[in-house]
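Please view the sequence and the structure first, and then read on.

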Amino acid sequence: MKKSVSIITFLLMILLVVFLKTIPTAACSCMPPPPADLALSEATAVFSGEAMEVKISKGANGKTIHFKVGEIWKGIDSAYVSVFTGNDSASCGINFTVGKEYLVYAHSFDSTGKSILSSTLCDRTAELANAADYLALIGAGKIPEQTTTPPTNQYDFNPVILVVV
């Protein structure tokens, strides 16, 4: 009797292992980024700026960072710009901190028919204080025309999903 209970228990465990479905997961995986000057040529926009606000997007699939632009190297001409990123490092999102300055490399991302700027951990985006080597490679940027307040309609978008390939 003990032997049959042990065999049945063993067979049930085997069946459980065989038919147990795994839960698919996703994680951020990046190739090493190119040098700063090559990354500049590949990016849609490159600028330095202070993170003014971090706003979780509707649907909690990412966050939008509102920047006051300090210098522009490419792709924008405004003193204020918004950049979308994932919520966390698992979705390749960057943990921007309000009040800190960043050198941002951004790419165009199509979201619900709107083209927005997006930056991920796979880009060269870095805190400005840690970007001296990058700045030496890309040279000086230009100062944007200053406006007194950021345009409010610039922030009205809701990205559906961020796919990093």
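Contact here means that heavy atoms lie within 4.5 Å. The model is a predicted one, and in it Phe96 touches Val54, Ile65, Phe67, Thr85, Tyr102, Val104 and Thr125, when residues up to four places away in sequence are not counted.

Phe96 is also among the residues with the most contacts inside the largest nonpolar core, a group of 16 residues in which Phe47, Phe67, Ile76, Val81, Val104 and Leu117 are listed alongside it. At least two residues of this core are supplied by each of strand 1 (45-56), strand 2 (63-74), strand 3 (80-85) and strand 4 (101-111), and the largest share, 4 residues, comes from strand 2.

Two positions may be set side by side.

| Residue | Location | Relative accessibility |
|---|---|---|
| Thr125 | loop between strand 5 (114-118) and strand 6 | 16% |
| Ala126 | strand 6 (residues 126-127) | 16% |

Thr125 counts as buried because its relative accessible area of 16% is under the 20% limit, and Ala126 is likewise buried at 16%.

Leaving aside residues up to four places away in sequence, Thr125 touches Ile94, Phe96, Leu103, Val104, Tyr105 and Ser119, and a polar atom of the Thr125 side chain lies 3.0 Å from the backbone nitrogen of Tyr105. Ala126, with its neighbours within four places in sequence set aside, is in contact with Tyr102, Leu103 and Tyr134; although Ala126 and Leu103 are 23 residues apart in sequence, their C-alpha atoms are 5.4 Å apart in space.

Terms used
Residues are numbered from 1 along each chain as its sequence is written. This is a predicted model: local features need pLDDT of at least 70, side-chain atom pairs count only at pLDDT 80 or more; totals for chains, interfaces and linings use all residues. Side-chain values use heavy atoms; hydrogens and water are left out. Buried means under 20% relative accessible area, exposed over 50%, partly exposed in between (1.4 Å probe, protein chains only). A polar contact is a pair of N or O atoms within 3.5 Å; within protein, one must be able to donate a hydrogen and the other to accept it, and residues adjacent in sequence count only if both atoms are side-chain atoms. A nonpolar core is a set of buried Ala, Val, Leu, Ile, Met, Phe, Trp, Tyr and Cys residues joined through side-chain atoms within 4.5 Å.
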